[in-house]
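Below is a short note on the charged side-chain contacts. Please read it alongside the coordinates.

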Amino acid sequence: MKWLDMPPVWLAGALGFAWWQKTYFSLGLDFGPGFADFLGGILIGGGVILMALAIHEMRRHRTTIIPHQSADRLVSSGIFKRSRNPIYLGDVLILSGFILYWDAVLSLPLIPIFVWILEKRFIEPEENGLRRKFVAEFTRYSQQTRRWL
């Protein structure tokens, strides 16, 4: 059952809810013609690119990308110079992009809820583990690099 507590599962659930909301409970609300589709596409594409860059960097350093597993190395190069959590940031961008693209206006509150879930379920425990394993190195890294952006 531990495989259910993974960010892609949470993302799929949030996307499923947003799709359900726009399909069955839209109340005729939308973001307007064209602009939301364009911005949504940009956010989705940006999220996918961020995730790909982060996964590539973690593979290059031969450490795990799976949450709840102990990292072999602290990755602070590449995209990790800009964000300590680019994969989670990519998840949020993808969710935001689909909400815009689908005109799922009433699903906008899902975004901060999803961020909160990522923070509590994944980011805080992972950072605590990194802080214990890479004491001085993680302290320097967390002072130089923001959690999200």
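1. A salt bridge here is a side-chain nitrogen of Lys or Arg within 4 Å of a carboxyl oxygen of Asp or Glu. The model is predicted, so local features need pLDDT of at least 70 and side-chain atom pairs count only at pLDDT 80 or more, while totals for chains, interfaces and linings use all residues. Residues are numbered from 1 along each chain as its sequence is written, and side-chain values use heavy atoms, with hydrogens and water left out.

2. Lys120 and Glu124 form a salt bridge, with the closest N and O atoms 3.1 Å apart. The two lie 4 residues apart in helix H4, so about one helical turn separates them. Helices (H or I, at least four residues) and strands (E, at least two) are DSSP runs, numbered from the N terminus.

3. On accessibility, buried means under 20% relative accessible area, exposed over 50%, and partly exposed in between (1.4 Å probe, protein chains only). Lys120 is partly exposed at 40%, and Glu124 is partly exposed at 27%.

4. Arg147 forms a salt bridge with Glu119, at 2.7 Å between the closest N and O atoms. This pair links distant parts of the chain, 28 residues apart: Glu119 is in helix H4 (residues 110–133) and Arg147 in the segment after helix H5 (135–144). Glu119 is buried at 14%, whereas Arg147 is partly exposed at 23%.

5. Arg147 also meets Glu127 in a salt bridge (2.6 Å, N to O). Salt bridges that share partners join Arg84, Glu119, Glu127 and Arg147 into one network. Glu127 is buried, with 4% relative accessibility.

6. For the whole structure, the search finds 6 salt bridges.
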